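Me: I have a chain open here and would like to talk it through. Can you start once it is on screen?

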Amino acid sequence: AIRQASPASPFSHYRLVSVQWVPLDKKPGVHYDGPEDPGIYYAANVIIEAPPANQRFSGQLSHAASKMTDFIYPDTAYLNPRPQPGFPVFQNVFYKGRGYLAGGCMGCHGYRQAYGTDFSFLLDRQRVREPEFLPQ
């Protein structure tokens with residue numbers, strides 16, 4: 001369908017492998033071993049998000065995004081959003097009144113949601129005044 005609509009589109013080579021449609025939870029400090037495939041929990045775009053910290057994401061980023069942690073920073077509690085009802089676990093996605101220690105795309109962007117930027121890293125760092133235009 002993409003090839004027919006736009007033959008020159010790079011998306012004609014795109015292959016959707018997995019989607020995260022509901023938040024999944026895991027125990028802190030260990031790898032995911034829940035009922036869904038780990039590839040769903042840790043879903044990441046390995047071309048854009050190539051660092052291992054991004055591919056195995058859960059909790060929140062730390063140390064300039066080179067590491068992550070499932071726990072609230074006890075020595076820098078002022079950096080953590082309020083409320084954080086899962087203490088000492090950093091719940092990064094809130095859905096239907098429940099917090100989750102989500103992974104992958106949902107957990108990483110949920111980490112920004114927990115700080116009040118609506119799942120967006122851009123809204124955290126700057127105002128988006130207009131869409132970007134890339135000339136052909």
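Reply: Helix H4 (residues 104-113) has 7 of its 10 residues buried, so this helix is largely enclosed by the rest of the structure. Buried means under 20% relative accessible area, exposed means over 50%, and partly exposed lies in between (1.4 Å probe, protein chains only). This is a predicted model, in which local features need pLDDT of at least 70 and side-chain atom pairs count only at pLDDT 80 or more, while totals for chains, interfaces and linings use all residues. Residues are numbered from 1 along each chain as its sequence is written, and side-chain values use heavy atoms, with hydrogens and water left out.

Me: Which residues of H4 are the buried ones?
Reply: They are Gly104, Met106, Gly107, Cys108, Gly110, Tyr111 and Arg112. Helices here are DSSP runs of H or I with at least four residues, strands are runs of E with at least two, and both are numbered from the N terminus.

Me: How many disulfides does the count come to?
Reply: The count comes to 0, where a disulfide is a pair of cysteine sulfur atoms within 2.5 Å. Cys105 is in no disulfide, and the nearest cysteine sulfur, that of Cys108, is 8.1 Å away, which is too far for a bond.

Me: And are those two buried or partly exposed?
Reply: Cys105 is partly exposed, with a relative accessible area of 32%, whereas Cys108 counts as buried at 15% relative accessibility.

Me: Switching to charges, how many salt bridges are there?
Reply: There are 2 salt bridges, each defined as a side-chain nitrogen of Lys or Arg within 4 Å of a carboxyl oxygen of Asp or Glu. In one of them, the side chains of Arg98 and Asp25 meet with an N to O distance of 2.9 Å. Arg98 lies in strand E4 (residues 98-100) and Asp25 in the loop between H1 and helix H2 (38-41), so the pair ties together parts that are 73 residues apart in sequence.

Me: How accessible are Arg98 and Asp25?
Reply: Arg98 is partly exposed, with a relative accessible area of 40%, and Asp25 also counts as partly exposed, at 32% relative accessibility.

Me: What about the salt bridge of Asp70?
Reply: Asp70 pairs with Lys26, and their closest N and O atoms are 2.6 Å apart. That pair links distant parts of the chain, with Asp70 in the loop between strand E2 (67-69) and strand E3 (93-95) and Lys26 in the loop between H1 and H2, 44 residues apart. Asp70 is buried, with a relative accessible area of 7%, and Lys26 counts as buried at 10% relative accessibility.

Me: Which residues make the nonpolar surface patch?
Reply: Ile2, Phe11, Tyr14, Leu16, Val19 and Trp21 make a nonpolar patch of about 740 Å². Patches are made of residues with over 30% relative accessible area and no salt bridge, joining like charges within 9 Å and nonpolar side chains (Val, Leu, Ile, Met, Phe, Trp, Tyr) within 5 Å. Ile2 lies in helix H1 (residues 2-5) and is partly exposed, with a relative accessible area of 43%.

Me: Zooming out, what is the order of the elements?
Reply: The chain has 5 helices and 4 strands, which run α-α-α-β-β-β-β-α-α from the N terminus on. Of its 136 residues, 33% count as buried. The chain exposes about 9,900 Å², of which carbon and sulfur atoms supply 58%, with accessible areas taken from the Shrake-Rupley method with a 1.4 Å probe and, for residues, only the protein chains shown counting as cover.
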